[in-house]
Amino acid sequence: MDQFCPYLDWIDSQQEQMLARVKDWADINSHSLNINGLNVMLASLKREFSSLGAAARTISLDSMEIIDPKGATKTLHLGSALHLSKRQNAPIRFFFGGHFDTVYPVETDFINCMMVDQNTLVGPGVTDMKGGLAVMLTALEALEKSPFAESIGYEILLNPDEEIGSPGSSYLFKELSKNCRAALLFEPAFPDESLAGARKGSSNHTILVKGTSAHAGRDFFSGKSAIAALSELLIRIHELNHPEKDTTLNLGYIYGGGPVNIVPDLALCRINIRAISDEEMRLTESRLDEMIQELAKKHRVEARLFVESRRPPKPFDKATEKLFMEIKKCGKKLGQKIEWNPTGGACDGNTVAAEGIPAIDSLGAIGGEIHTHNEFLLVDSLTKRAKLTALYLMKAAYEKSR
Ligand SMILES: [Zn+2]
């Protein structure tokens with residue numbers, strides 16, 4: 001343990017610097033669709049992460065087509081991702097991931113960080129995950145100061161679209177994590193400090209129904225109501241919810257119709273599906289597809305299913321368990337109790353894990369009430385969590401050399 005101490009102590013000296021980084025980053029609005037804000041964030045990340053001396057490249061992400069809330073097709077432009085690569089030929093290679101977008105739109109009034117007591121910073125994205133980015137960077141800076149760095153190479157991917165399901169960057173997670181020993185991502189830990197173990201898969205869909213409009217008085221029976229057809233489908237979808245299997249289909253949004261004297265020719269709904277296993281995920285999605293086709297036939301309407309984003313389940317296999325045990329051991333050395341729990345929430349860790357790479361994705365800061373206007377960060381968790389990752393990396397190098 002002694003050989004690691006100087007570098008862990010150095011992390012303790014970085015408390016102020018880490019907090020300053022988080023405050024600077026949280027002051028930049030970087031909602032997933034605020035391209036200007038994302039670009040300012042990207043420039044700042046490039047500057048700060050340059051301390052690692054890694055090769056950096058910016059990757060612009062393809063724009064995506066979505067069905068807007070009223071059924072029209074719309075193009076969404078996405079920001080650019082940052083990829084850093086260091087010591088590609090090192091004997092041990094890791095993948096590091098983090099996102100720099102947040103859920104707070106440009107017009108939000110939740111814009112300023114505020115220390116509400118000595119250890120609590122409230123602000124947009126302070127925990128999810130600008131705090132996590134500071135943790136990742138400081139842990140790697142500590143590694144780079146140590147002689148252990150020589151044995152460890154890494155790929156870092158910082159993406160701007162996680163909060164909308166990573167539609168433009170998912171492929172990069174698959175590509176860049178290839179052949180890595182493990183993937184470490186810096187989403188927030190739970191408020192009780194535990195990590196996320198298994199995660200459910202999650203996919204978002206829009207169902208669009210197009211019927212035929214007609215005058216409700218003069219010509220009602222020549223119309224085909226999109227609302228009537230969709231309504232029947234919604235009830236059947238809701239019945240697919242399965243408490244024993246823990247599969248859920250959440251009907252989150254519906255839209256349709258207009259003046260009541262016209263048979264409505266358009267209706268749509270948005271739906272989120274979650275399941276524990278990949279098999280169950282696929283079964284549920286294909287059942288949904290079948291039901292939509294049956295509905296179209298029966299009501300003689302056009303009905304289409306659009307997949308907006310899809311993250312496979314992240315199972316907790318043997319290799320993942322081994323990784324968690326190693327992190328737990330490091331926590332014990334640092335006086336940190338590390339536990340983990342399964343969660344229904346999905347993130348980019350799901351994508352990496354589905355490629356067979358053991359992944360821990362909640363190594364970031366500790367805080368709570370994320371995605372609300374009360375999001376807070378426990379400031380002392382910044383150095384605490386940076387030490388956890390730094391120790392894990394240095395130990396991996398040390399054990400390899402013995
Ligand atoms: Zn997040």
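These legends go with a handful of close-up views of a predicted model. Local features here need pLDDT of at least 70 and side-chain atom pairs count only at pLDDT 80 or more, while totals for chains, interfaces and linings use all residues. Residue numbers start from 1 along each chain as its sequence is written.

View 1. Contact (C-beta atoms, placed from the backbone, within 7 Å) links 13 residues of domain 1 with 18 residues of domain 2. On the domain 1 side, strand 2 (64–67) and helix 9 (348–353) each supply at least two residues; helices (H or I, at least four residues) and strands (E, at least two) are DSSP runs, numbered from the N terminus.

**View 2. The largest nonpolar core.** A nonpolar core here is a set of buried Ala, Val, Leu, Ile, Met, Phe, Trp, Tyr and Cys residues joined through C-beta atoms within 7 Å. Buried means 20 or more other C-beta atoms within 10 Å of a residue's own, exposed means 12 or fewer, and partly exposed is in between, with C-beta atoms placed from the backbone. This core has 80 residues, and among those touching the most other members are Val22, Phe95 and Val135. Skip the neighbours within four places in sequence, and Val135 still contacts Phe186, Leu363, Gly364, Ala365, Leu382, Arg385, Ala386 and Thr389. A separate core of 21 residues includes Ala226, Ile237, Leu266 and Ala275.

View 3. The strands run in the order 6-7-18-17, with antiparallel pairing; a pair needs at least two DSSP bridges. Strand 6 (114–117) and strand 17 (367–368) are the edges, each with a single partner strand, so one side of each has no neighbour in the sheet. Two bridges tie strand 17 to strand 18 (residues 376–378), and Gly367 sits opposite Leu377. Helix 4 packs on this sheet, touching strand 7 (120–122), strand 17 and strand 18.

**View 4. Strand 11 between two partners.** Eight of the ten residues in strand 11 (residues 201–210) are buried. Ten bridges join strand 11 to antiparallel strand 13 (residues 266–275), where Ser203 is partnered by Ile273. Nine bridges pair strand 11 with strand 14 (residues 302–311), also antiparallel, and there Lys210 meets Glu302 as its bridge partner.

Technical notes: Contact = placed C-beta atoms within 7 Å. Axes fitted to C-alpha atoms, helices over the stretch in contact; angles between N-to-C directions.
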